[in-house]
Amino acid sequence: MNHDDLGGGLAGNALYEMVLARGRGDWTAAHAAAKTMSFRPVTAHPAHANLYRGAPAVAYVLHIAGHPAYARSLAKLDAETVAIVADRLDAAYRRMDSGRPPRLREYDLISGLTGLGAYLLHRGRGNVLERVLRYLVRLVTEPLAVDGHRVPGWWAATDPRDAVGTGRFAHGHANFGIAHGVAGPLALLALTRRAGHTVDGQDDALAEGITHLTAWAQPLDNGRTGWPELLPLDAYRKGPRPGAAPGRPSWCYGAPGIARALQLAALGLHDDTARCLAERTAFQAVTDSRQIRQITDASVCHGWAGLLLSTDRTASDAARPDLTAALPALHAHFEAAMARGETTEDAGLLTGKAGVRLTQNTLNTPRPLDLGWETCLLLN
């Protein structure tokens with residue numbers, strides 16, 4: 001088990017303990033979790049370190065903790081993270097200038113610059129954050145050519161596992177999800193704008209993202225609306241096609257995460273049409289039995305916790321009240337899944353019990369401290 005892994009390792013457990021300690025004032029378990037997370041050196045190599053692994057992941061946890069005992073360690077990790085961002089940006093711009101499409105890990109939330117930007121937003125590192133935002137503006141607004149066809153700048157050169165593409169993914173793919181696809185950069189651009197961090201072209205990038213997600217919100221075979229999770233080049237070239245089967249309503253790839261990204265972007269640009277589409281699609285996803293039946297565990301990544309947290313955050317900004325009215329049923333599903341033991345023994349935020357318990361604590365505490373830990377999911 002990786003000690004410095006936020007998604008599936010001990011850093012995710014530590015995040016849960018830090019949030020609990022901030023609320024309760026008892027730091028015994030939190031300090032123990034911090035020691036366990038830091039008992040070996042954490043990776044700061046730019047090829048391996050990201051929001052969910054290594055120095056940035058541990059720094060994120062210690063920042064959420066906000067405890068003076070961690071100030072010296074956090075300052076060191078913060079400096080390492082800024083250096084990682086600079087190295088990553090240099091490599092990304094070299095790739096952009098060559099006209100080649102990126103790998104997912106260059107820009108996505110889990111492994112790439114979008115995730116590192118989420119860390120910088122939390123830390124208030126405005127100057128470095130603005131460099132990331134300028135990169136994301138280029139990524140979203142400057143198209144590429146792949147096999148002679150025009151594709152967006154976030155087109156992945158790789159297959160969905162970020163390996164060299166073969167077969168139907170020989171020319172890469174378009175990824176729509178918030179964890180690995182375009183919804184991640186769009187959400188970060190919107191969240192930073194809301195926090196007062198803007199760069200030239202940011203609104204153009206938000207508008208471009210809105211246009212893309214609006215165009216690809218296709219009618220499903222049951223009359224509802226949804227987005228594809230990912231598409232190879234031949235399917236992308238054919239354009240949106242009605243009649244697809246409803247997908248799994250997960251945070252990572254599904255409608256709840258994408259809808260939240262679209263809603264945040266629409267709120268930033270006061271685009272009521274896009275906001276309505278986002279909120280309607282989110283509502284349809286959580287009230288459609290064919291979609292709900294595809295949720296089979298309690299996890300944050302692709303289970304009830306992520307679905308519930310995404311929907312709760314979308315409902316908190318929604319113009320329509322029916323999303324809020326749908327929350328009690330989702331809470332009941334979530335609690336029932338926990339009661340049935342539909343949680344893995346994994347550690348971590350995304351796939352393990354720590355994320356499930358953190359979601360439960362956040363949503364069941366009457367007046368939780370606004371720690372903003374969900375920025376690592378790009379929900380708030």
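1. In which hand does α3 pass α4 in their crossing? The crossing is left-handed, a term for a near helix turned anticlockwise from the far one by less than a right angle. Helices here are DSSP runs (H or I, at least four residues), numbered from the N terminus.

2. The model is predicted: local features need pLDDT of at least 70, side-chain atom pairs count only at pLDDT 80 or more, and totals for chains, interfaces and linings use all residues. Residues are numbered from 1 along each chain as its sequence is written, and side-chain values use heavy atoms, with hydrogens and water left out.

3. Helix α3 spans residues 55–65 and helix α4 residues 71–98; their axes come within 9 Å and cross at roughly 140°. Axes are lines fitted to C-alpha atoms over the stretch in contact, with angles from 0 to 180 degrees between N-to-C directions. The pair is therefore oblique, the class left after angles under 35 degrees (roughly parallel), over 145 (roughly antiparallel) and 65 to 115 (roughly perpendicular).

4. On the α3 side the contact residues are A55, P56, V58, A59, L62 and H63, and they meet S73, L74, L77, E80, T81 and I84 of α4. Contact means heavy atoms within 4.5 Å. By class, this contact has 8 nonpolar, 3 polar and 1 charged residues; Asp, Glu, Lys and Arg count as charged, Ala, Val, Leu, Ile, Met, Phe, Trp, Tyr, Cys and Pro as nonpolar, and the others, Gly among them, as polar.

5. Helix α7 packs against helix α9 (residues 202–215) at an angle of about 40°, with the axes 9 Å apart. α7 and α9 are therefore oblique to each other, and α7 passes α9 in a left-handed crossing. L133, V137, V140 and T141 of α7 meet Q202, D204, A205, E208 and G209 of α9. That contact has 4 nonpolar, 3 polar and 2 charged residues.

6. Helix α6 (residues 113–123) is mostly covered, with 9 of its 11 residues buried, that is, under 20% relative accessible area with a 1.4 Å probe, protein chains only. Among the buried residues are L113, G117 and Y119. Their cover includes α3, α4, α5 (104–107), α7 (126–141) and α8 (183–194). Just after α6, G124 takes a positive phi of about 70°.

7. The largest nonpolar core holds 130 residues, of which L6, Y52, W251, L349, W373 and L377 touch the most other members. Such a core is a set of buried Ala, Val, Leu, Ile, Met, Phe, Trp, Tyr and Cys residues joined through side-chain atoms within 4.5 Å. Leaving aside residues up to four places away in sequence, L6 touches residues including Y52, L349 and C376.

Note on methods
Helix = DSSP H or I, 4+ residues; strand = E, 2+ residues; numbered from the N terminus. Buried < 20%, exposed > 50% of the residue type's maximum accessible area, 1.4 Å probe, protein only.
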